[in-house]
Amino acid sequence: DIEGAEWLILATETPAVLMKFQQVIIEFHDLETAGQHGLYAQAVHTLLYAGFRVVHIHGNNANHMYYVQGTRYRVPNVLEVTFVADARPIPCQANQTLHHLDTDNMPTRMPL
């Protein structure tokens, strides 16, 4: 967890370096910062190009939800994402399925 610096590191890292890892778990910060979405897309693209696939996403309730401008979508401002190298594609689910380990990061705050 490097508190927001993950975006630039991932966006500029070479796939050859990332391919040294089998699993990467990242806490993505500041998703509401629309001016940085190009950097965010590049960071995720670099991981996908290196052969990683998303296998788990967990919204972090330590921060707030934000509304994506011009849409009806709400997104956690902080997401914890697990990427696995060479994972088989997993189709998106229409309904949320919670694993027993998917608990609130901060039990005293409202769940997302």
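Three strands form an open sheet in the order 1-5-2, with antiparallel pairing; two strands pair if DSSP finds at least two bridges between them. Helices (H or I, at least four residues) and strands (E, at least two) are DSSP runs, numbered from the N terminus. Strand 1 (23–28) and strand 2 (52–59) are the edge strands, each pairing on one side only. From one strand to the next, the twist averages 20°.

Please note that this is a predicted model, in which local features need pLDDT of at least 70, side-chain atom pairs count only at pLDDT 80 or more, and totals for chains, interfaces and linings use all residues. Residues are numbered from 1 along each chain as its sequence is written, and side-chain values use heavy atoms, with hydrogens and water left out.

Strand 1 and strand 5 (residues 79–85) are joined in the antiparallel sense over six bridges. Within strand 5, Thr82 is the bridge partner of Ile25.

I turn now to the aromatic residues. The whole structure holds three aromatic pairs; rings of Phe, Tyr and Trp (its six-membered ring) pair if their centres lie within 6.5 Å, and planes under 30 degrees apart count as stacked, over 60 as edge-to-face and the rest as tilted. Trp7 and Phe28 are stacked, at 4.3 Å centre to centre with 20° between the planes. Trp7 lies in helix 1 (residues 6–12) and Phe28 in strand 1, 21 residues apart.

The rings of Phe28 and Phe83 have centres 6.2 Å apart and planes at 85°, so this pair is edge-to-face. Ring pairs link Trp7, Phe28, Tyr40 and Phe83 into a cluster.

Methods: Axes are lines fitted to C-alpha atoms, for helices over the stretch in contact, and angles run from 0 to 180 degrees between N-to-C directions.
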